[in-house]
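Biologist: I am new to this structure and would be grateful for a guided reading of it. Could we begin once it is in view?

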Amino acid sequence: MTERLETAERSERMRPRAREGSPRPAGTTPASVREKMRAEELRAWFGSTEAIRRISLALVERRVTAIIGPSGCGKSTFIRCLNRMHEVVPGARVEGKVLLDDVNIYERGTDPVKVRSRVGMVFQKPNPFPTMSIRDNVLAGLRLNGARVPHADEIVEKALTQAALFGEVKDILGRSGASLSGGQQQRLCIARALALEPEVLLMDEPCSALDPIATSRIEELIHVLGDRYTIAIVTHNMQQAARVSHYTAFFYMGELVEYAETDSLFTRPQNPKTEDYITGRFG
Amino acid sequence: MDAHRKRKLVDSAMRGACTAAVLLAVVPLASLLAYVAAKGLGGLSWTVFTELPGPVGETGGGFGNAILGSLYLVGLACLAGIPVGVLAGVYLAEFGDNRFGRIVRFSADVMSGVPSIAVGIFVYTLVVLSMRRFSALAGGVALAILMLPTVTRTTEELVRLVPDSLREAGLALGVPKRRVILRVVLRTGAPGIATGIMLAVARAAGETAPLLFTAFNNRFWSASLDRPIGSLPVQIYTYAVSPYDDWHRQAQAAALVLVAMVFVLNVGARLLTRARGDSR
């Protein structure tokens with residue numbers, strides 16, 4: 001973006017624009033829709049490179065929000081800021097606020113470890129623990145914290161069922177997580193995140209390493225999980241964003257350009273940059 | 001000559017050269033093992049494991065005390081060397097990208113090149129002189145110092161090989177970093193780290209020079225920290241330079257026992273880590 005966005009304009013972008021023709025005015029969300037998380041004036045750096053430039057954006061509870069944009073636009077960095085995973089990288093730094101149920105997770109004294117158990121994450125490349133069985137992978141979030149896990153079998157079954165994997169692995173729970181196919185591994189990683197019963201699930205291009213069939217299975221899964229969890233999904237794939245999400249945010253060069261209900265953003269983009277991007281003129 | 005034939009020719013020439021290089025490396029090892037076995041088997045009997053050395057000039061007796069002493073010394077060295085080395089390696093890999101880390105890494109590299117006899121002198125000054133006697137403790141310290149750089153650097157290398165994606169997976173599950181390192185990173189690198197430790201143990205088990213004036217030698221059973229203790233390498237050295245044929249024979253047998261011990265330790269550690277790796 002050449003011109004800097006005014007703060008007033010930005011705060012309007014914070015909430016998704018409503019579908020046109022809907023009774024409520026643009027820039028507001030109906031009372032029945034609750035914000036689960038909200039970034040306020042969020043800035044993030046890698047060393048001296050500013051990857052996120054004052055982004056304000058709210059995630060709606062029990063809805064799927066897709067974040068799209070060209071490579072290097074800061075979309076992965078943004079969601080990594082939502083569970084304090086950005087600061088894990090050496091030289092990385094964050095400024096601004098991220099509210100989770102109206103409490104700032106960047107408040108001094110907040111334990112990032114606690115935040116991460118409430119805001120789960122699934123990564124681009126499936127990363128099950130190779131030394132653990134499928135069952136232990138699902139329980140990893142609980143076990144690695146030294147917790148004794150009563151009803152472990154129930155937890156494993158529930159999480160794997162939610163991740164639409166139980167049927168395929170119920171007889172091989174003792175086998176290594178690394179023995180599964182890529183798509184199954186990714187669903188195992190989703191199950192591993194769900195076993196902790198997170199409130200928010202962040203997904204960083206969860207299908208980019210998978211084939212089309214595995215991708216469609218994960219997309220179906222996101223669709224189902226979207227009724228129960230607050231989900232933010234980063235994707236390169238605009239069709240995917242259109243298929244799985246209720247809201248879509250378009251990022252460009254570390255800034256939030258447009259944020260709207262998914263239909264509205266793809267059919268009637270308000271910003272010429274968004275239009276150029278979704279029509280494939282760049283990115 | 002056409003390009004295809006030339007390519008084939010170069011290929012087989014290079015393969016031949018590689019095979020020759022492998023043979024060159026394996027032949028000394030194999031012949032050494034064969035020599036030790038051939039010479040040592042003759043002197044081997046139950047009594048060498050169970051009995052103390054006989055009086056000077058008499059035939060018979062064994063070196064059970066030296067076998068036990070070697071195990072004792074290596075055990076002591078492991079007790080001190082492995083925890084320190086593994087922790088130092090983890091530090092270097094996880095937190096060591098700074099000035100202090102570079103200094104530690106450099107020191108470890110220098111240490112691994114220090115002649116073992118110099119380590120012996122160092123421990124002599126540090127432990128033997130202050131205790132006013134040769135002791136198993138001093139021997140253990142000397143061997144631990146020799147193990148330390150190998151354990152440190154292999155642990156570092158293997159911890160670095162564990163992909164960051166696994167660390168992130170752990171952290172993103174709300175697991176504190178210390179637990180991620182202990183339960184995910186070290187666990188994933190364990191087979192390799194164990195191999196590194198075994199290499200260090202094998203080296204320590206075969207060292208003679210640093211034991212000569214730290215643990216010294218002892219012709220009797222001993223398991224006390226503050227007394228001199230016998231060990232296989234020192235026993236071999238003493239017997240080999242003696243004028244008695246029977247002692248020469250026993251030195252050969254002791255050499256075979258030492259090689260076999262190191263071999264068993266190596267294979268055992270490999271099986272152990274592999275079995276644990278497969279129970280995944």
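Modeller: The axes of helix 4 (residues 99-113) of chain B and helix 6 (residues 136-161) of chain B come within 8 Å and cross at roughly 135°. This is a predicted model, in which local features need pLDDT of at least 70 and side-chain atom pairs count only at pLDDT 80 or more, while totals for chains, interfaces and linings use all residues. Residues are numbered from 1 along each chain as its sequence is written, and chains are lettered from A and ligands numbered from 1 in the order in which they are written.

Biologist: Is helix 4 of chain B roughly parallel or oblique to helix 6 of chain B?

Modeller: Axes are lines fitted to C-alpha atoms, for helices over the stretch in contact, and angles run from 0 to 180 degrees between N-to-C directions. Angles under 35 degrees count as roughly parallel, over 145 as roughly antiparallel, 65 to 115 as roughly perpendicular and the rest as oblique. The crossing angle is roughly 135°, and that makes helix 4 of chain B, relative to helix 6 of chain B, oblique.

Biologist: Which residues of helix 6 of chain B make the contact with helix 4 of chain B?

Modeller: Two residues are in contact if their C-beta atoms, placed from the backbone, lie within 7 Å. Helix 4 of chain B contributes Ala108(B), Met111(B) and Ser112(B). From helix 6 of chain B come Leu148(B), Pro149(B), Thr150(B), Thr152(B) and Arg153(B).

Biologist: How many helices does chain B have?

Modeller: Helices (H or I, at least four residues) and strands (E, at least two) are DSSP runs, numbered from the N terminus. Chain B has 0 strands, and its count of helices is 11.

Biologist: Which element gives the largest share of the side of chain A that touches chain B?

Modeller: In all, 24 residues of chain A are in contact with 18 residues of chain B. Helix 3 (112-118), strand 6 and helix 4 of chain A each give two or more residues to that side. The largest share, 4 residues, comes from helix 3 of chain A.

Biologist: How many residues of helix 7 of chain A are buried?

Modeller: A residue is buried if 20 or more other C-beta atoms lie within 10 Å of its own, exposed if 12 or fewer, and partly exposed in between, with C-beta atoms placed from the backbone. Cover comes from elements including helix 5 (152-162) and strand 7 (200-204) of chain A. The buried residues include Leu188(A) and Ile190(A). Of the 13 residues of helix 7 of chain A, the number buried is 12.
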